Amino acid sequence: MPTDMPNDNPRPDSSPDMDETVSDSAPEPVSANGQADPDDAAAAPPKADPSVRPKIEIQDLNFWYTDTHALKGITMNVKPHQVTALIGPSGCGKSTLLRCLNRMNELIDGTTLEGDIQVDGQDIYAPDTDPVMVRRRIGMVFQKPNPFPKTIYKNVAWGAQINGYTGDMDDLVERSLRQAALWDEVKDQLHSSALNLSGGQQQRLCIARTLAVQPDVVLMDEPASALDPIATSKIEETITELKSDYTIVIVTHNMQQASRISDETAFLYMGRLVEMNPTEKLFTRPEKDRTEAYVTGRFG
Ligand SMILES: Nc1ncnc2c1ncn2[C@@H]1O[C@H](COP(=O)(O)OP(=O)(O)O)[C@@H](O)[C@H]1O
Ligand SMILES: [Mg+2]
């Protein structure tokens, strides 16, 4: 299994105002779902469900890498305590969209974002919103497990320590490892190197490390694609359990995985949102021909 040094870790800043929390802003009316761009015939505006306030509201999002227009007029909502899957062919913008949700794309030079992303009704790109706070509240797990070459305990405690966590660290480490369904396997070796764990255990450790920062949204970019089927099913079980406490957005190129674990699925194609629907509907009764062609394997 890969035991490389961490490659694309989120780099939490240790800015002095770390213990300031993003306050839940004053209650605001739930904004109506945005209508699709009129000249974008492919976009299907998400259905409004008045009973649930969206956790994340994305409104007419456009994103460029220098000259590459990677996201085109994306409007969609993510519901709380659900798993939302992003699917679509390679290069369609899944990872880009995910990284827009915690402002990680702005760490890349030459990028431009237009549009609006609100989390709990708060504009995460507002001039007075601290990107470090956004990334703390909206955690991310990457495709390749990237534990630090330190002990299991230190891997989990790391982000919380940087954030000046003042609670009981042993408790936090245990709780995070339990939530990531890893505790029973590692409780007797907390002080041995994380690099001795299997790939699947390393990925659950990375999930625990993300949870220890106490986010409320967890973004996952193909978190099981480097793992064998048994490790994959363990990760899938973990994700399913996490949704009672977190809102999860997961990129997957594996349609069986999306159908197994997600509540809603968004299908992207060439930077556009083609269709977003409850997962079961999207896979069995898609509204768009292009979705059907993709989910039945006719292209992709
Ligand atoms: N760091 C980057 N710099 C420039 N272009 C990028 C970068 N990351 C992605 N892209 C481009 O943006 C588009 C969407 O990529 P990506 O979001 O990675 O797609 P996916 O995750 O669906 O495979 C592609 O055309 C890709 O080449
Ligand atoms: Mg990707």
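**Ligand 1**

I began with the surroundings of ligand 1 in this predicted model, and the residues I found around the ligand are Tyr65, Ala70, Pro89, Ser90, Gly91, Cys92, Gly93, Lys94, Ser95, Thr96, Arg99 and Ile108. Sorted by class, this shell has five nonpolar, five polar and two charged residues. I then asked which helix gives the largest share of the shell, and noted that helix α1, residues 94–100, supplies four residues.

Next I looked up polar atom pairs at the ligand. An oxygen atom of ligand 1 lies 2.7 Å from a polar backbone atom of Gly91, and an oxygen atom of the ligand is 3.1 Å from a backbone N or O atom of Gly93. For Ser95 I recorded a side-chain N or O atom that is 2.9 Å from an oxygen atom of ligand 1. Ligand 1 taken alone exposes 560 Å², and I noted that the protein buries 62% of that.

**Asn102**

I moved on to Asn102, which I located in the loop between α1 and β4, the latter spanning 111–119.

**Nonpolar cores**

I then turned to the nonpolar cores. The largest has 45 residues, and those with the most contacts inside it are Ile87, Ile152, Leu177, Leu205, Ile207, Met220 and Ile239. Helix α3, residues 152–162, gives the most to this core, with five residues. Another core, of 31 residues, lies apart from the largest one, and I noted Leu98, Val134, Ile138 and Val251 among its members. In soluble globular proteins, nonpolar side chains tend to be buried together.

I followed Leu205 in detail: leaving out residues up to four places away in sequence, Leu205 touches Pro147, Ile152, Asn155, Val156, Leu177, Leu182, Ala194 and Leu197.

**Arg204 and Ala181**

I looked at Arg204 as well, which sits in helix α6, residues 199–211. I counted Arg204 as buried, because its relative accessible area is 5%. Neighbours within four places in sequence aside, its contacts are Ala180, Ala181, Leu182, Glu185, Lys234, Ile235 and Thr238.

One of these contacts, Ala181, took me to the loop between α4 (169–179) and α5 (183–186). Phi of Ala181 is near 55°, a positive value in a residue other than glycine. With a relative accessible area of 25%, Ala181 is partly exposed.

**His81**

For His81 I again noted a positive phi in a residue other than glycine, with a value near 55°.

**Whole protein**

Last, I took down the overall values. The protein has 10 helices and 10 strands, and buried residues make up 51% of its 300 residues. Of the contacts with a separation of 6 or more, 71% are between residues 24 or more positions apart. The accessible surface comes to about 13,700 Å², and carbon and sulfur atoms account for 49% of that surface.

Terms used:
Residues numbered from 1 in each chain as written. Chains lettered and ligands numbered in written order. Predicted model: local features only at pLDDT ≥ 70, side-chain atom pairs only at ≥ 80, totals over all residues. Heavy atoms only, no water. Core = buried A, V, L, I, M, F, W, Y, C linked by side-chain atoms within 4.5 Å. Buried < 20%, exposed > 50% of the residue type's maximum accessible area, 1.4 Å probe, protein only. Helix = DSSP H or I, 4+ residues; strand = E, 2+ residues; numbered from the N terminus. Contact = heavy atoms within 4.5 Å. Near = heavy atom within 4 Å. Polar contact = N/O pair within 3.5 Å; in protein donor to acceptor, adjacent residues only side chain to side chain. Areas by Shrake-Rupley, 256 points an atom, 1.4 Å probe, with all protein chains shown as cover. Nonpolar A, V, L, I, M, F, W, Y, C, P; charged D, E, K, R; others polar.
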